[in-house]
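Morning, everyone. Please bring up the structure, and I'll walk you through a few spots.

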Amino acid sequence: MLKNQVLGFLGGGMMAEALITGMLKSEVINAENIFVSDPDKQRLATLKNKTGINTVKTNIELTQVANWLIMAVKPQVVSEVLLAIKPHITTKHALISFAAGISTAYIASYLSKTPVIRVMPNTPCLVAAGVSALSYGTNAQPEHGQVAEAIFQSVGQTVTVKEELIDAVTGLSGSGPAYMYIILEALTDAGVQVGLPRKTAAILATNTMFGAAKMVLETGEPPGQLKDMVTTPGGTTIAGIYALEDGGLRVTLMDAVRAATEQAKQLSK
Ligand SMILES: NC(=O)c1ccc[n+]([C@@H]2O[C@H](COP(=O)([O-])OP(=O)(O)OC[C@H]3O[C@@H](n4cnc5c(N)ncnc54)[C@H](OP(=O)(O)O)[C@@H]3O)[C@@H](O)[C@H]2O)c1
């Protein structure tokens, strides 16, 4: 899929490294077709040593060697990068951005004719278990989406959403890992409270969350049905579920996603 493309990462940070590692591992592209620019020479040398990719000295040089540009800098640096590369962008270029809060319309205000795909990934991409939502800017065609999908599927799953839903994605899967960490921490504490050693409780809690998510993914059954299957009349699980409902867990999680979505909307204004 990506064998005939040349990818240029504007910024060689954590997320760039995760994507490069994922793509090379899943063999969707060869290292010689990936270029990275970053102001930190040491960082570039480390990336080159670890992955075998090419490095260039400037973002402008990157536009000359790559047809796909991947905006991998922090959001506050995006405008400066767009301004610098703008005179060097031609019809051969397309751009992927995963800078939080930066819309395709904002990028189009610099690069009006360039196909742009906006992506909202999450941190588990760093361990190839991420989920990323893609949305298309006005000039982006399905073939551009296919390239973005190939890149982000190398570090997890992808979905496609309308751009107005990107803030909702941020509230659910972008911020979601933190909610899961809190649940894991609380379950571990709960295990300690009922007498388990902390290490044992942590292994039990973490693998229970992982296993339940895997069951949902692999069986395709709705979580409610899987829950019913393990809830015997008068048993232990229904006693636990009663306590969860009594504590308002569902409403709390819905409130959390809504609050994070609202915050994402505010920040991207
Ligand atoms: N990490 C995640 O899970 C995640 C999730 C969703 C979205 N994102 C988005 O992904 C983007 C990158 O995040 P990250 O965590 O990978 O950040 P990061 O590790 O800080 O990487 C950004 C890299 O860009 C470099 N850089 C700074 N100015 C530059 C310039 N003018 N030209 C080229 N490179 C430049 C930085 O170098 P210096 O350090 O020397 O400044 C750094 O190496 C952000 O926009 C963030 O919103 C990340």
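Start with Ser154. Is Ser154 buried or exposed? Buried, because its relative accessibility is 10%, and the cut-off for buried is under 20%. Keep in mind that this is a predicted model. Where is Ser154? In the loop that runs between α6 (142-153) and β8 (156-160). Its side chain comes within reach of a backbone oxygen, that of Ile151, at 2.6 Å. Leaving aside residues up to four places away in sequence, Ser154 touches Leu19, Gly22, Met23 and Ser26.

Next, Glu27. This residue sits in the loop between α1 (14-25) and β2 (34-37). Glu27 is exposed, because its relative accessible area is 58% and exposed means over 50%. Its phi is near 60 degrees, a positive value, and Glu27 is not glycine. Ala128 is another non-glycine residue with a positive phi, about 60 degrees. Look for Ala128 in the loop between β6 (116-120) and β7 (130-136).

Now the sheet. How many strands form it? Eight, in an open sheet. The order is β3-β2-β1-β4-β5-β6-β7-β8, with mixed pairing. At the edges are β3 (54-56) and β8, each pairing on one side only. From one strand to the next, the twist averages 25 degrees.

Zoom in on β2 and β3. They pair in the parallel sense, over three bridges. Phe35 has Asn54 in β3 as its bridge partner. Helix α2, residues 41-51, packs on the sheet and touches β2 and β3. Its direction makes about 165 degrees with that of β3.

Last one: helix α4, residues 78-85. It lies across β1 (7-10), β4 (68-71) and β5 (94-97). Against β4, helix α4 runs at about 155 degrees.

Methods:
Residues numbered from 1 in each chain as written. Predicted model: local features only at pLDDT ≥ 70, side-chain atom pairs only at ≥ 80, totals over all residues. Heavy atoms only, no water. Helix = DSSP H or I, 4+ residues; strand = E, 2+ residues; numbered from the N terminus. Buried < 20%, exposed > 50% of the residue type's maximum accessible area, 1.4 Å probe, protein only. Polar contact = N/O pair within 3.5 Å; in protein donor to acceptor, adjacent residues only side chain to side chain. Contact = heavy atoms within 4.5 Å. Pairing = 2+ DSSP bridges. Axes fitted to C-alpha atoms, helices over the stretch in contact; angles between N-to-C directions.
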